[in-house]
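Student: I am new to this structure and would like to go through it step by step. Could we begin with the words we shall need?

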Amino acid sequence: MELRSTLLVVGGSVCSFKLLNTIVRFLPKPELERKKAWRWRNINTSLAHSSLTGSLAFLCLQRHPHLVKDLISSYSLTYHSLVAVSTGYFIYDFLDNVLNQSFKKSWELLIHHSVVVSCFSLALTSHLYLGLAVVSLLLEINSVFLHIRQLLLLSGRRNRPGAETTSPRPSVTYRLASWLNLGTLLVFRVCTMGWITRWLAAHSDRMPRYALMMGITGTSLISTMNIGLFYRLLKADVLTNAHSTSKSH
């Protein structure tokens, strides 16, 4: 794919996710405050991206297992298009957060998106490392359940209806989403980033220094964020619930 075509796909992706966000505004939703209404639209848009790119990345690796053998020079129009669409989403979401949320609340996400866009842009313009980019999109499988959990929280469906305020009990839907979120986080975030880190170390001699430094910086930063995310989710959904249950008895 030529650079012009790549830019058109990325730009089209940005516009498509903006359009989707606008459509979500008019769909039925729970009664929410203005700020939470923006979060509702933002998370639904993110859920659409995660569902699309996560499932396509998984299918690409399932149908083309040879991709994993050469993550540097493996190329196909499908890989290129998938990474371009995802790049467009991260650019859109970066701008959406800058315009609608304070830096204090969004700095971690903005750093994450900046790193991803930088690494994906290198892959798109050089036609190299697309396999590595596709593997990294497996993280979006976990994002599906992370976004579902966030939507349940925003809609007030965390606890069972009629539960006592002194000892609220998580609903079956929320509990299922929570455990799937934690499980896929370990498999598709922690393990995938660990595998990518190991791959970079084993193939460092095949990569230019600037590309290797981008890869190391990106994996280190995102791995640290993943560990922090896992701790926060574990504390919120497991440790807190266990503590509340023990107090109620």
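Tutor: Let us start with a definition: helices are DSSP runs of H or I with at least four residues, numbered from the N terminus. Please keep in mind that this is a predicted model.

Student: Where is histidine 127 found, then?

Tutor: Histidine 127 sits in the loop between H4 and helix H5 (130-136). Its phi is near 65 degrees, a positive value in a residue other than glycine.

Student: Is tyrosine 129 buried or exposed?

Tutor: Tyrosine 129 has a relative accessible area of 8%, so it is buried, the cut-off for buried being under 20%. Histidine 127 has 28% relative accessibility and therefore counts as partly exposed.

Student: Let us turn to helix packing. How is a pair of packed helices described?

Tutor: Two packed helices are described by the angle between their axes and the distance between the axes.

Student: At what angle do the axes of H3 and H4 cross?

Tutor: The axes of helix H3 (residues 77-100) and helix H4 (residues 103-126) cross at roughly 150 degrees and come within 9 Å. H3 is therefore roughly antiparallel to H4, since angles over 145 degrees count that way. The crossing of H3 and H4 is left-handed.

Student: What classes of residue make up the contact of H3 with H4?

Tutor: By class, that contact has 12 nonpolar, 9 polar and 1 charged residues. Among those in H3 are Phe90, Ile91 and Asp93, and H4 contributes residues including Val116, Val117 and Phe120.

Student: And how do H1 and H2 pack?

Tutor: Helix H1 (residues 3-25) and helix H2 (residues 34-63) pack at an angle of about 130 degrees, with their axes 9 Å apart. That makes H1 oblique to H2, and the crossing of H1 and H2 is right-handed. The contact of H1 with H2 divides into 5 nonpolar, 5 polar and 2 charged residues. Phe17 is one of the H1 residues in this contact, and Trp40 is one of those in H2.

Student: What about aromatic rings: how many pairs are there?

Tutor: The count comes to 3 aromatic pairs. In one of them, the rings of phenylalanine 17 and tyrosine 89 have their centres 5.2 Å apart and their planes at 70 degrees, so the pair is edge-to-face. Phenylalanine 17 lies in H1 and tyrosine 89 in H3, so this pair ties together parts that are 72 residues apart in sequence.

Student: Why does tyrosine 89 count as buried?

Tutor: Tyrosine 89 counts as buried because its relative accessibility is 4%. Phenylalanine 17, at 8%, counts as buried too.

Student: Which other rings pair up?

Tutor: The rings of phenylalanine 90 and phenylalanine 120 have their centres 6.4 Å apart and their planes at 75 degrees, so that pair is edge-to-face. Phenylalanine 90 in H3 and phenylalanine 120 in H4 are 30 residues apart, and both are buried. Phe17, Tyr89, Phe90 and Phe120 form one aromatic cluster.

Technical notes
Residues numbered from 1 in each chain as written. Predicted model: local features only at pLDDT ≥ 70, side-chain atom pairs only at ≥ 80, totals over all residues. Heavy atoms only, no water. Axes fitted to C-alpha atoms, helices over the stretch in contact; angles between N-to-C directions. Helix = DSSP H or I, 4+ residues; strand = E, 2+ residues; numbered from the N terminus. Parallel < 35°, antiparallel > 145°, perpendicular 65-115°, else oblique. Left-handed = near helix turned anticlockwise from the far one by under 90°. Contact = heavy atoms within 4.5 Å. Nonpolar A, V, L, I, M, F, W, Y, C, P; charged D, E, K, R; others polar. Phe/Tyr/Trp six-rings, centres within 6.5 Å; stacked < 30°, edge-to-face > 60°. Buried < 20%, exposed > 50% of the residue type's maximum accessible area, 1.4 Å probe, protein only.
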